[in-house]
Amino acid sequence: MVKESIPKEGQNVQIQSYKHNGKIHRVWSETTILKGTNHVIIGGNNRTLVTESDGRTWITREPAIVYFHAEYWFNVICMFREDGIYYYCNLSSPFVYDTEAIKYIDYDLDIKVYPNGKYHLLDEDEYEQHMKQMNYPKDIDYILRKNVDILQQWIERKKGPFAPDFIKVWQERFHLQKRIMED
């Protein structure tokens, strides 16, 4: 996967998640690009078709802002629910964008953050199982564990996508972009 370009603001793109063995894991049919640079992609989606590796499909239930960074081994989904904002953080390779889709490798570990700020590391058993099955190199394990620490610091310090201003700005931008596309 080679970075060929940067997605343009207002463009709809797919998100493709892979596993370490190169097999597709999950595909989000479309996300509207709100910001695209060499380092960061921010997008928004709502009621988006998601296709799992086994062919099952489902539709996201709530509006969400997605945050990808080219230097960190995680991405963040900010989901807007009636009782507040939930964050689902995937420990993953940094993103690449190749005009087909935003792509990354999902490394199983996740952190779920609740509206009250509490958070939990999830899927450690799945990570250990896949690490053995797919032969994750020791340096990948080290990088991922280091990025779990970085992510937890961001959550606790309300940095990056966890900052209250981030949510306000990008939620407004997403709603504005949707209105522009409807006109």
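Tutor: The model is predicted. In it, 23 residues line the largest pocket, and those nearest its centre are Arg26, Trp28, Trp58, Ile77 and Tyr88. The space in this pocket comes to about 480 Å³.

Several strands take part in the lining: β2 (24-36), β5 (57-59), β6 (64-69), β7 (74-81), β8 (84-92) and β10 (101-113) each give at least two residues. The largest share is that of β10, with 4 residues. By type, the lining of the largest pocket holds 10 charged, 9 nonpolar and 4 polar residues.

The second largest pocket has about 210 Å³ of space. Its lining has 13 residues, with Tyr87, Tyr114, Pro115, Lys158 and Phe162 closest to the centre. Here β8 and α3 (164-182) each contribute at least two residues. The lining of the second largest pocket divides into 10 nonpolar, 2 polar and 1 charged.

Read from the N terminus, the order of elements is β-β-β-β-β-β-β-β-β-β-β-α-α-α. The radius of gyration is 16 Å, close to the 16 Å given by the globule rule for 183 residues, so the protein is as compact as a globular protein of that length. Its C-alpha atoms fill a box of roughly 50 × 35 × 30 Å along the principal axes. Of the 183 residues, 48% are buried. The protein exposes about 9,800 Å², and carbon and sulfur atoms supply 48% of that area.

Technical notes:
Residues are numbered from 1 along each chain as its sequence is written. This is a predicted model: local features need pLDDT of at least 70, side-chain atom pairs count only at pLDDT 80 or more; totals for chains, interfaces and linings use all residues. Side-chain values use heavy atoms; hydrogens and water are left out. On a 1 Å grid over the protein atoms alone, a cavity is a set of points where a 1.4 Å probe fits but cannot get out, and a pocket is an open set with protein on both sides within 12 Å along at least five of seven lines; lining residues have an atom within 4 Å of a point. Grid points are joined across faces, edges and corners, and a volume is the space filled by probe spheres set on the points. Ala, Val, Leu, Ile, Met, Phe, Trp, Tyr, Cys and Pro count as nonpolar, Asp, Glu, Lys and Arg as charged, and the others, Gly among them, as polar. The radius of gyration is taken over C-alpha atoms; the globule rule is 2.2 Å times the number of residues to the power 0.38. Buried means under 20% relative accessible area, exposed over 50%, partly exposed in between (1.4 Å probe, protein chains only). Accessible areas come from the Shrake-Rupley method with a 1.4 Å probe; for residues, only the protein chains shown count as cover.
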